[in-house]
Amino acid sequence: MELWRERLKDKPARYWIRTEIEEIVKEKSIDRKRFYEYPKTKYQKVINRFYYAFVDSKKHPGVELSYCWLHFREELNKIDCVHEAVGWKCMLEKIKERLPYDWNKKLYLILSDGWVYEGYIDSIIDVLGEVDGLLDDFYIVTPQFDKFAAYCDDGGCLVFYEK
């Protein structure tokens with residue numbers, strides 16, 4: 001067992017993915033200008049903007065990231081869906097094919113555990129491609145909050161949406 005995993009035993013489970021991501025960034029020497037944890041003092045603003053842009057908040061007023069994909073607004077345009085069956089890394093690569101966006105601009109990565117990251121798609125894919133099972137649902141969102149990819153661990157798929 002890797003040393004960082006051993007240290008996690010005494011921490012709440014929600015911290016495990018954050019620690020794993022930090023270790024991946026170090027191991028892969030990912031440029032922290034291209035992918036980094038968003039300032040904690042600004043997490044809630046990003047989470048709230050995501051939630052109120054895409055979730056039917058009238059029916060589900062409490063901001064909850066776990067399983068919020070069950071409560072997305074009906075008027076969202078579902079662009080496409082890719083299943084994990086194509087392979088984890090292949091599924092992640094489909095983001096660039098299926099979600100129309102200028103990939104030279106940053107995006108948000110929001111984890112259902114409440115962690116928020118910012119970075120470029122290639123770095124986000126590099127990090128997510130190395131995660132090994134501590135990851136539940138996640139959302140890759142444009143800063144305009146008009147398009148996003150939602151990964152559902154239960155369904156084993158990545159779904160692409162736009163307003």
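What pLDDT does the chain average, and what percentage of the residues score at least 70? The structure is a predicted model, and its chain averages a pLDDT of 90, with 92% of the residues scoring at least 70.

**Confidence along the chain**

- Confidence is lowest in helix H1, residues 3-8, where the mean is 60.
- Strand S4 has the highest confidence in the chain, at 98.

**The largest nonpolar core**

- The largest nonpolar core holds 55 residues.
- The members that touch the most other members of this core are Phe-50, Phe-72, Phe-138 and Ile-140.
- Helix H3, which spans residues 43-54, gives the most to the core, contributing 7 residues.
- Leaving out residues up to four places away in sequence, Phe-50 touches Val-55, Leu-65, Cys-68, Phe-72, Ile-110, Tyr-139, Val-141, Phe-145 and Phe-148.

**Helix H5**

- Helix H5 runs over residues 121-130 and is mostly covered, as 7 of its 10 residues are buried.
- The buried residues of H5 are Ile-121, Ser-123, Ile-124, Ile-125, Val-127, Leu-128 and Gly-129.
- The elements that cover these buried residues include two helices, H2 (14-27) and H4 (88-98).
- Strands also take part in covering H5, among them S1 (35-37), S3 (107-111), S4 (116-119) and S5 (138-141).
- Ser-123 lies in helix H5 and counts as buried because its relative accessibility is 7%, under the 20% cut-off.
- Apart from its neighbours within four places in sequence, Ser-123 is in contact with Ile-30, Arg-34 and Phe-35.

**Helix H4**

- In helix H4, the buried residues are Met-91, Leu-92, Lys-94 and Ile-95.
- These residues lie on the same side of H4 because they cover an arc of only 145° around the axis.
- The buried residues of H4 pack against H5 and against several strands, namely S2 (77-83), S5, S6 (147-152) and S7 (157-162).

**Salt bridges**

- The structure contains 10 salt bridges.
- One of them joins Lys-28 to Glu-130, with the closest N and O atoms 3.7 Å apart.
- This pair links distant parts of the chain, since Lys-28 is in the loop between H2 and S1 while Glu-130 is in helix H5, 102 residues apart.
- Lys-28 counts as partly exposed because its relative accessibility is 38%, and Glu-130 counts as partly exposed because its value is 35%.
- Another salt bridge brings together the side chains of Lys-40 and Glu-37, at 3.2 Å from N to O.
- Lys-40 is partly exposed, with a relative accessible area of 48%, and Glu-37 is partly exposed at 24% relative accessibility.
- A salt bridge also forms between the side chains of Glu-97 and Lys-94, at 3.6 Å from N to O.
- Glu-97 and Lys-94 both belong to helix H4 and stand 3 residues apart, about one turn of the helix.
- An α-helix has 3.6 residues a turn, so residues three or four places apart point the same way.
- Glu-97 counts as exposed because its relative accessible area is 56%, over the 50% cut-off, whereas Lys-94 counts as buried at 18% relative accessibility.
- Salt bridges that share partners join Arg-18, Glu-37 and Lys-40 into one network.

**Cysteines**

- How many disulfides does the structure hold? The structure holds 0 disulfides.
- Cys-81 is in no disulfide, and the nearest cysteine sulfur to it is that of Cys-157, 4.0 Å away.
- Cys-157 is likewise in no disulfide, its nearest cysteine sulfur being that of Cys-81.
- Cys-81 is partly exposed, with a relative accessible area of 22%, whereas Cys-157 is buried, with a relative accessible area of 10%.

Notes. Residues numbered from 1 in each chain as written. Predicted model: local features only at pLDDT ≥ 70, side-chain atom pairs only at ≥ 80, totals over all residues. Heavy atoms only, no water. Core = buried A, V, L, I, M, F, W, Y, C linked by side-chain atoms within 4.5 Å. Buried < 20%, exposed > 50% of the residue type's maximum accessible area, 1.4 Å probe, protein only. Helix = DSSP H or I, 4+ residues; strand = E, 2+ residues; numbered from the N terminus. Contact = heavy atoms within 4.5 Å. Arc of directions from axis to C-beta. Salt bridge = Lys/Arg side-chain N within 4 Å of Asp/Glu carboxyl O. Disulfide = S-S within 2.5 Å. pLDDT = per-residue confidence, 0-100.
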